[in-house]
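Look at the model first, then read the points below.

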Amino acid sequence: MQLELRHLQAVCRIAEAGSLGGAARRLGVSQPALSAQLRRIERVTGGELFVRGRSGVEPTALGHFVLAKARRVLNEMDALGAEARAIGSGTPLRLGCILLVLVDGLLAQTDLFMSGQEITVNLEHSVTALARMLGTGRYDAIVYGEVNDHEVPLPTGVLARTLVPKEPFCIRLPAGHPLAGRERVDLADLAGESWLTLVEEDDGGPEALIAACANVGFTPSLRYRITDRMMQYDLIAAGRAISLSQPTAPQVPGTVMRPLAGTPITGRIRLAWNRSAVSAGQAELLYRAAARAYLANVDNNGFHKEWWDAHPELQVSLGGEPSAAGTPTP
């Protein structure tokens with residue numbers, strides 16, 4: 001028997017899953033069939049690739065060697081497919097996003113950085129759905145957010161890169177709110193308010209808000225779930241709700257934005273792409289376009305510009321290496 005790409009993929013899936021059962025589910029085969037395939041692979045490589053450990057299977061020294069070679073080969077094949085697709089197909093690069101402030105300027109920046117490459121951009125309300133559609137090939141790349149410690153599970157075959165490691169969420173209030181005159185707002189003073197959230201917020205936002213409010217002694221009333229951004233602004237301006245907001249969001253008549261004391265809720269923004277559909281060069285250009293789109297909004301609110309300037313270690317970096325799916329890059 002000669003080793004084929006499917007054999008290398010099987011070895012990598014076993015290492016990633018940490019068990020034959022988990023790898024079999026990811027590969028869509030039975031565990032006995034995968035065990036038999038592993039034994040055939042081990043006969044070709046000349047020894048055991050995995051041993052059972054306390055938490056599942058672990059690679060042997062030979063296994064680590066084979067894994068390193070397998071990943072290199074599979075990455076090269078993915079790169080070959082992505083670069084050939086970019087050159088020969090003329091197919092648009094399909095980008096999916098959640099409703100982030102930077103999306104407003106992202107198309108203009110991609111036109112500058114990726115001239116000649118047609119790009120389609122669609123908005124989704126669910127981060128989970130966005131990641132799933134990246135895995136099924138509906139999107140080639142996605143831009144998404146995560147709140148506090150929440151991590152969005154990414155499918156296999158995906159690389160990810162952190163665009164903004166940390167930004168402090170703030171509060172959007174009605175302009176006539178009693179707290180609107182303060183420079184910053186204590187979360188405890190917002191007990192009893194009606195909160196506005198998105199229809200599907202699975203980026204960790206509601207959980208982070210509930211936990212932060214619990215720490216100061218109350219449970220927030222998540223009364224409104226509305227997708228339309230202008231309707232959200234109208235509700236707040238009318239004095240009917242308040243909401244968490246990215247600090248780069250624009251000023252809106254009838255509302256004010258104030259930072260939260262102690263920065264109890266933070267977010268980060270990430271870019272992920274299917275490595276078989278997006279070349280390394282395309283991913284770099286897309287990252288630069290998204291970075292420029294974010295930076296264009298840093299000055300929207302003076303308090304955030306001051307915070308941003310005080311944290312140079314968190315500012316957008318155009319260097320660094322992508323990470324494997326599910327592994328955050330600082």
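α1 and α3 pack at an angle of about 115°, so they are roughly perpendicular to each other. This is a predicted model. α3 also packs against α2.

**α1 against α3**
- Helix α1 covers residues 5-17, and helix α3 covers residues 31-45.
- The axes of α1 and α3 lie 11 Å apart.
- The crossing of α1 past α3 is left-handed.
- α1 contributes Arg 6, His 7, Ala 10, Val 11 and Ile 14 to the contact.
- α3 contributes Leu 34, Gln 37, Leu 38 and Ile 41.
- By class, this contact of α1 with α3 has six nonpolar, two polar and one charged residues.

**α2 against α3**
- Helix α2 spans residues 20-27 and meets α3 at an angle of about 105°.
- The axes of α2 and α3 are 9 Å apart.
- α2 and α3 are therefore roughly perpendicular to each other.
- On the α2 side, Leu 20, Gly 21, Ala 23, Ala 24 and Leu 27 make the contact.
- On the α3 side, Gln 31, Leu 34, Ser 35 and Leu 38 make the contact.
- Six nonpolar and three polar residues form the contact of α2 with α3, with no charged residues.

**His 177**
- His 177 sits in the loop between β7 (170-174) and β8 (194-197).
- Its relative accessibility is 13%, so His 177 counts as buried; the cut-off is under 20%.
- Neighbours within four places in sequence aside, His 177 is in contact with Glu 193 and Ile 242.

Notes: Residues numbered from 1 in each chain as written. Predicted model: local features only at pLDDT ≥ 70, side-chain atom pairs only at ≥ 80, totals over all residues. Heavy atoms only, no water. Axes fitted to C-alpha atoms, helices over the stretch in contact; angles between N-to-C directions. Helix = DSSP H or I, 4+ residues; strand = E, 2+ residues; numbered from the N terminus. Parallel < 35°, antiparallel > 145°, perpendicular 65-115°, else oblique. Contact = heavy atoms within 4.5 Å. Nonpolar A, V, L, I, M, F, W, Y, C, P; charged D, E, K, R; others polar. Buried < 20%, exposed > 50% of the residue type's maximum accessible area, 1.4 Å probe, protein only. Left-handed = near helix turned anticlockwise from the far one by under 90°.
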